[in-house]
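Open the model in your viewer and keep the selection tool at hand.

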Amino acid sequence: MTATVQPSDVAHRVELWLRMYRRMLSIRVFEQQVNDLYMRALMPGLAHLYSGEEAVAVGVCEALNRSDYITSTHRGHGHCLAKGASPKEMFAELLGKEAGYCKGKGGSMHIADPATGNLGANAIVCGSAGIATGAAFSAQRLGNGRVSVCFFGEGALGQGVLYEEMNLAQLYKLPVIYVCENNLYTEYTHFTETTAGDIPSRATAFGIKVITVDGQDVRAVYDAATQLVNRARQGRGPAFLLCNTYRFHGHHVGDINREYYRSRQEEKLWTSERDPITKVREWLLSQQLTDASSLERMRLEIESEMQAAVDFAVAAKYPDPDKVEQDVYA
Ligand SMILES: Cc1ncc(C[n+]2csc(CCOP(=O)(O)OP(=O)(O)O)c2C)c(N)n1
């Protein structure tokens, strides 16, 4: 017997897909502004752009509740925004202003937002595996039903701590999901030069459930993440979600000449044929679930929201020099 699809279910799905589209586009526009701030020399330091990988953060975070936990990486803007962070406070943080998430003392690579379950980005490759697994341990002990997600790039597969954490997570059946974003490059080196064997085996060796997904397809990421989150909430243990993706920009905003490690043809292939935002946009239009003018209106709204957030951050004040040592742990 086939289940009957109720109109309310369809409406709910359409709402979800449009929400995910909006989130992905917001991340893209946010980062266009970040690049612009860097080019105008308004942002101290560097930033690692997430453009091209938006479907991973959005598909995974959409499967979570607000109170669930995430930990992020040096390439973390997408994770923070997908979990519900405010662009105003993020831009303020990037510009070193007091109104920022960490009072301007963290910058792009250190945004944390406890109100949305974001336990923090981390500049140390694989630095948050222990934090995410510890959060899952606490959720299990407290019995609060929360799930913890650890985002990391495939470069983190070379860090021993990941294997210590996965071992414990599986032994204790912790509600943690390790989300590996394989964007093909660890800085300027193709991952096949740093990572032996196949990636899923590294988790299956511990008996951890693995799903591999097209990281450019937000609907596929969402479906896989939902399955793993439900499983974790039911007490069935950790999982590993491998998302195959690509970063559209350089390793960081200053990485402009990239031809010595990846070709222009490769970049063109991904940006013109595998853009996660274009992909879902074309699908929504082909299914007549929305129309081009509604999506255009949405784009204009997002652009004006991000511009207002940038203006807020540019006008915000720097922290008082007397407070430079406050909230800093070293
Ligand atoms: C422990 C550690 N080693 C080296 C670095 C320098 N480093 C910063 S980002 C990076 C590459 C990370 O690659 P990956 O984990 O694949 O993430 P991606 O940048 O591709 O998103 C390296 C080696 C670091 N931050 N931490």
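**Stop 1**

Select D36. This residue is partly exposed, with a relative accessible area of 34%. Partly exposed is the range between buried (under 20% relative accessible area) and exposed (over 50%), found with a 1.4 Å probe on protein chains only. Those areas come from the Shrake-Rupley method, and for residues only the protein chains shown count as cover.

Before going on, note what you are looking at. This is a predicted model, where local features need pLDDT of at least 70 and side-chain atom pairs count only at pLDDT 80 or more, while totals for chains, interfaces and linings use all residues. Residues are numbered from 1 along each chain as its sequence is written, and side-chain values use heavy atoms, with hydrogens and water left out.

A salt bridge here is a side-chain nitrogen of Lys or Arg within 4 Å of a carboxyl oxygen of Asp or Glu. R40 is also partly exposed, at 48% relative accessibility.

**Stop 2**

How many salt bridges does the structure hold? There are 15. Select R13 and D223 for another one. Their closest N and O atoms are 3.4 Å apart. R13 sits in helix 1 (residues 7-39) and D223 in helix 8 (residues 218-233), so this pair ties together parts that are 210 residues apart in sequence. Helices (H or I, at least four residues) and strands (E, at least two) are DSSP runs, numbered from the N terminus. Both ends are partly exposed: R13 at 30% relative accessibility, D223 at 40%.

Next, select R299 and E296. The closest N and O atoms of this salt bridge are 2.6 Å apart. Both residues lie in helix 11 (residues 292-315), three residues apart, or about one turn of the helix. R299 is partly exposed at 29%, and E296 is partly exposed at 34%.

Then select R28, E54 and D275 together. Salt bridges link these residues in a network.

**Stop 3: the cysteines**

Select C80. Is this residue buried or exposed? C80 is buried, at 2% relative accessibility. Now look for disulfides. A disulfide is a covalent bond between the sulfur atoms of two cysteines. The cut-off used here is a pair of cysteine sulfur atoms within 2.5 Å. The structure holds zero disulfides. For C80, the nearest cysteine sulfur is that of C61, 9.1 Å away.

Move to C243. This residue is buried too, at 0% relative accessibility. The closest cysteine sulfur to that of C243 is in C180, 8.0 Å off and too far for a bond.

**Stop 4: the ligand**

Which residues are closest? Of the 15 residues that surround the ligand, the closest are H74, R75, A123, G155 and Y185. A residue counts as near if one of its heavy atoms lies within 4 Å.

Now check some atom pairs:

- R75: a polar side-chain atom lies 2.7 Å from an oxygen atom of the ligand.
- V125: a polar backbone atom is 3.1 Å from a nitrogen atom of the ligand.
- Y185: a polar backbone atom is 2.9 Å from an oxygen atom of the ligand.

Taken alone, the ligand exposes 580 Å², and the protein buries 74% of that.

Stay here and select H74. It is in the loop between strand 1 (69-71) and helix 3 (77-82). H74 counts as buried, at 17% relative accessibility. Leaving aside neighbours within four places in sequence, H74 is in contact (heavy atoms within 4.5 Å) with H48, M109, N122, A123 and H251.

**Stop 5: Y246**

Select Y246, in the loop between strand 7 (239-244) and helix 9 (264-273). Y246 is buried, with a relative accessible area of 0%. Among the residues Y246 touches, not counting those up to four places away in sequence, are S51, N183, Y185 and W270.

Which side chains make polar contacts with that of Y246? R262 is one, at 3.2 Å. E266 is another, at 2.7 Å. A polar contact is a pair of N or O atoms within 3.5 Å; within protein, one must be able to donate a hydrogen and the other to accept it, and residues adjacent in sequence count only if both atoms are side-chain atoms.

Finally, show D275 again. Y246 and D275 are 29 residues apart in sequence and 9.2 Å apart in space, C-alpha to C-alpha.

Terms used: Accessible areas come from the Shrake-Rupley method with a 1.4 Å probe; for residues, only the protein chains shown count as cover.
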